[in-house]
Every structure is written in structure tokens, then in C-alpha cells.
Amino acid sequence: MSSEDIRLTAGDAEVIVQPGNGGRVGGLRVGGVELLRQGERFGCFPMVPWCGRIRDGRFRDGATVHQMPLNNPPHAIHGTVREGVWRTARVTGDEAVITYDLVEPWPYRGRVTQVVALAEDALTLTMSVETYDSSFPAQIGWHPWFNRNLGQEDAQLDFSPAWQEERGEDHLPTGNRLDPKPGPWDDCFGMPGGVDVTLTWPGQLELKVASREEWVVVYDEQEAAVCVEPQTGPPNGLNTLPRLVTPLEPLEAATTWTWRRL
């Protein structure tokens, strides 16, 4: 099937899925109000097969060291699939299934499947990474750019992480865990009970980002947007906390955004 944009609706919610632009969710409108920052590189893009930065673009798998392109020098950032064209596998009125076959520069063959499911008050994104032959380390995550302002007051962020990963001058976790510090952030947090972050636009909307995963990066250093990124491991995780994709066990993750009007 084609890689043209897909429009899903449920109640007064509308989602635009863009297989041809890295498999991203290009828009989420609730009651006619756009919640995601607009633009070719924004919306909400999948981070696969790694999340955040890999130190110097290198990761080790056994005795082999692999070099990824340094698209955020001196590091490699946010995986390879957001640059690719995905294929549409199936679409109904409120659900889309899109796929992407991993290609170079990623050194392993595999397939990524993303399911985008819309309800009247929630959006669920589910992703899996499968391999057909060799096992490999991987990560799954999402990078939504929520509009900081929807026309009235700026969004307020509320979450209670168990710890904050200490960030080195190279923007990567040092391995030390700190008590959470006040923002602004470009930081990774641990939530062992699962990601649970609430964005509130006072007098307008409350949106909860949830996931069973225990890692979330919060990035709110830009004026226009607030990013809440659930992921299966911390930045540089291919080196520090790899999750293995095997022929018998794909890597799977999901996040659900639930909203209500205020």
C-alpha cells in the first residue's frame, strides 16, 4: 500500500499519521485544537532502533563495534526510522498499522511495526521490532512535541520520578542517579512503576502520557514545545542497558495519551 498520509477520527479527535515522513504522527487535534507542534520534523516521531544519543555513534554487540552516522555530532541520535518511508499495512477509521524494514546504516535485518489506535479520549501507540535471523540490541521510544501553548496559558508539567539520570557535559547519562532537580530539562528520569506524566493547559485540557516502560526523557528547553518521551531504556542505552531482539522474542512497547477537557 502507499505511504500517503492517513487520517483517523474518533469523536472530536483527529490524528494524521505520516508513513512517508518517518512514521510519525503529524497531528493530533482535539475539538479542533492542535496539540502537537507542526512542521516536517515535529509532531511525534518513533525513536527506533535506539532512543536519544549513542556516545560517538558507536555501540558494541559482543565483540563487534558498530558505527552509526553522527547526525548530532559528536553523537548519533534518535535512531534511523524517522528518516525513512514506512509502508501502510492496514487502515480502519480509527486505527492504522504501518511497517518499516530496517536497512543500512543499521547493521541488522528486521522489521518495525507501529499501530496507531485512536479513541474519543485517548491515543495509543504500540511498536514492535522483530528480527528474522540474528539477534541484536535495540530500543523503542516516542518523541512527541506538544505545543507549550494552546492559545491561553502555557502547559504545566507534573510527574514524580524516582530518580533523575545525572547528565554529563556530553548530554549523556553518567551512570549516577540523582534526586530529581527542577527544570528546564533535557534529561532522563526513572519511573519504575511505569511512565506517568501529566501535561495541563489550564482551563483547556489535561493530557496524561503513560507507558509500562520505566524511562522517560523530558525536554522543555525550547519555547514552542514540551517533549515527554517514554522509552525502553536511557540515552546511550545500546551500550549501557541493551534490550535484545531475538527471533523468538521481539521487542515491544506502547504508550497511551489520555485527555480530558477542563
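Which backbone nitrogen does the side chain of Q139 reach at 3.0 Å? The side chain of Q139 reaches the backbone nitrogen of C51. This report describes that residue, then the aromatic rings, the nonpolar cores, the cysteines and several loop residues.

The model is predicted, so to speak of local features requires a pLDDT of at least 70, side-chain atom pairs count only at pLDDT 80 or more, and totals for chains, interfaces and linings use all residues. Residues are numbered from 1 along each chain as its sequence is written, and side-chain values use heavy atoms, with hydrogens and water left out.

Q139 is placed in the loop between β14 and β15; helices (H or I, at least four residues) and strands (E, at least two) are DSSP runs, numbered from the N terminus. With a relative accessible area of 1%, Q139 is buried. Here, buried means under 20% relative accessible area, exposed means over 50%, and partly exposed lies in between, with a 1.4 Å probe and protein chains only.

Leaving out residues up to four places away in sequence, Q139 touches several residues, among them M47, W50, T232, G237 and L251. Such a contact means heavy atoms within 4.5 Å.

## Aromatic pairs and charges over rings

A search of the whole structure finds 13 aromatic pairs. Rings of Phe, Tyr and Trp (its six-membered ring) pair if their centres lie within 6.5 Å; planes under 30 degrees apart count as stacked, over 60 as edge-to-face and the rest as tilted. Two of the pairs are set out below.

| Pair | Centre to centre | Angle between planes | Class |
|---|---|---|---|
| W106 and F136 | 5.9 Å | 75 degrees | edge-to-face |
| F146 and W257 | 5.0 Å | 65 degrees | edge-to-face |

Charged side chains accompany two Phe rings. The charged end of R37 sits over the ring of F42, 3.8 Å from its centre, and R82 lies over the face of F45, at 5.1 Å from the ring centre. A charge sits over a ring if NZ of Lys or CZ of Arg is within 6 Å of the ring centre and within 35 degrees of the ring normal.

## Nonpolar cores

A nonpolar core is a set of buried Ala, Val, Leu, Ile, Met, Phe, Trp, Tyr and Cys residues joined through side-chain atoms within 4.5 Å. The largest core has 61 residues, and V15, W106, V112, V129, F146, W257 and W259 touch the most other members. Apart from it lies another core, of eight residues, including F42, F45, W145 and Y219.

## Cysteines

How many disulfides does the structure hold? The structure holds zero disulfides, a disulfide being a pair of cysteine sulfur atoms within 2.5 Å. For C51, the nearest cysteine sulfur is that of C188, 9.5 Å away. C51 counts as buried, at 0% relative accessibility. The sulfur of C227 is 9.3 Å from the closest cysteine sulfur, in C44, which is too far for a bond. C227 is also buried, with a relative accessible area of 0%.

## Residues in other loops

H78 is placed in the loop between β9 (76–77) and β10 (87–91) and counts as buried at 10% relative accessibility. H78 and W50 are 28 residues apart in sequence, and their C-alpha atoms are 5.9 Å apart in space. Beyond four places in sequence, H78 touches residues including F45, C51, H143 and E229.

N236 lies in the loop between β23 (225–231) and α1 (237–240). This residue is buried, with a relative accessible area of 6%. Setting aside residues up to four places away in sequence, N236 touches C51, R53, I54, R55 and L172.

Leaving aside neighbours within four places in sequence, P247 is in contact with T131, D133 and S135.

Key: A polar contact is a pair of N or O atoms within 3.5 Å; within protein, one must be able to donate a hydrogen and the other to accept it, and residues adjacent in sequence count only if both atoms are side-chain atoms.
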